[in-house]
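Please look through the sequence and the fold together, and keep both in view while reading the paragraphs that follow.

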Amino acid sequence: MEHLRLVWVLSGRGWADCTVSDQHAEAKVTASCITTAPEDLLTAVTRLVVGETESRAQFEAEPTAFRWVFYREGINVWIRLLKLANGSSHDNRGTEIWATQQDTDVVARALIRCFDEVVRQYGESAYRAKWGEHFPRAELETLRTVWREHRGDNAASSKPSNP
């Protein structure tokens with residue numbers, strides 16, 4: 001059973017819907033290509049995997065914004081997903097629409113699986129045509145590389161799994 005799942009669907013030219021769920025709840029957020037939303041999300045999780053204790057990513061939905069706030073302590077990651085009327089607002093001005101606590105390994109695997117599925121579904125050329133920007137290949141491969149290098153740091157289970 002997956003503890004965390006992300007699905008990225010290109011919903012229109014320059015628009016994507018991202019659904020995130022765990023065993024308790026689900027949230028659906030929208031992202032516009034006016035920012036580097038997929039790159040920022042992949043980079044935020046990469047930063048967690050290498051040991052940073054806090055990172056953020058933001059999706060602009062024009063004018064609404066959705067902010068991912070990640071906190072790491074040991075192998076545990078707390079994720080808060082906030083909806084903000086204005087993307088420049090402080091976190092405390094947002095409404096929490098989803099939250100979870102997961103293992104760092106689970107978060108990294110979920111994001112890798114998500115974007116592996118995106119490239120399988122669309123291909124990089126069709127992704128660019130529909131999203132308006134290149135597929136975040138460099139950020140995905142960076143996350144995959146650091147996840148593989150740091151899996152032992154997160155050894156909550158004895159058998160590693162591949163995304």
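Which backbone nitrogen lies 2.8 Å from a polar atom of the side chain of D22? In this predicted model, that nitrogen belongs to A25, while D22 itself has its place in strand β2, which covers residues 15–22. The side chain of D22 also makes a polar contact, at 2.7 Å, with the side chain of T100. When residues up to four places away in sequence are left out, D22 touches H3, W98, A99, T100 and Q102. Although D22 is buried, it has no salt bridge, and the nearest side chain of opposite charge, that of R5, is 12 Å away.

The structure holds eight aromatic pairs, and one of them is formed by W8 and F115, a tilted pair with 5.6 Å from centre to centre and 45° between the planes. This pair links distant parts of the chain, since W8 belongs to strand β1 (residues 4–12) and F115 to helix α2 (residues 104–131), 107 residues apart. Both W8 and F115 are buried.

Another pair, Y127 and F135, is edge-to-face because the planes of the rings stand at 85°, with their centres 5.2 Å apart, and planes over 60 degrees apart count as edge-to-face. Y127 is buried, with a relative accessible area of 0%, and F135 counts as buried at 6% relative accessibility. One aromatic cluster is formed by W8, F59, W68, F70, F115, Y127, W131 and F135.

A ring can also meet a charge: the charged end of R151 sits over the ring of W147, 4.5 Å from the centre of that ring.

Terms used. Residues are numbered from 1 along each chain as its sequence is written. This is a predicted model: local features need pLDDT of at least 70, side-chain atom pairs count only at pLDDT 80 or more; totals for chains, interfaces and linings use all residues. Side-chain values use heavy atoms; hydrogens and water are left out. Helices (H or I, at least four residues) and strands (E, at least two) are DSSP runs, numbered from the N terminus. Buried means under 20% relative accessible area, exposed over 50%, partly exposed in between (1.4 Å probe, protein chains only). Lys and Arg count as positive and Asp and Glu as negative; His and the chain ends are not counted. A salt bridge is a side-chain nitrogen of Lys or Arg within 4 Å of a carboxyl oxygen of Asp or Glu. A polar contact is a pair of N or O atoms within 3.5 Å; within protein, one must be able to donate a hydrogen and the other to accept it, and residues adjacent in sequence count only if both atoms are side-chain atoms. Contact means heavy atoms within 4.5 Å. Rings of Phe, Tyr and Trp (its six-membered ring) pair if their centres lie within 6.5 Å; planes under 30 degrees apart count as stacked, over 60 as edge-to-face and the rest as tilted. A charge sits over a ring if NZ of Lys or CZ of Arg is within 6 Å of the ring centre and within 35 degrees of the ring normal.
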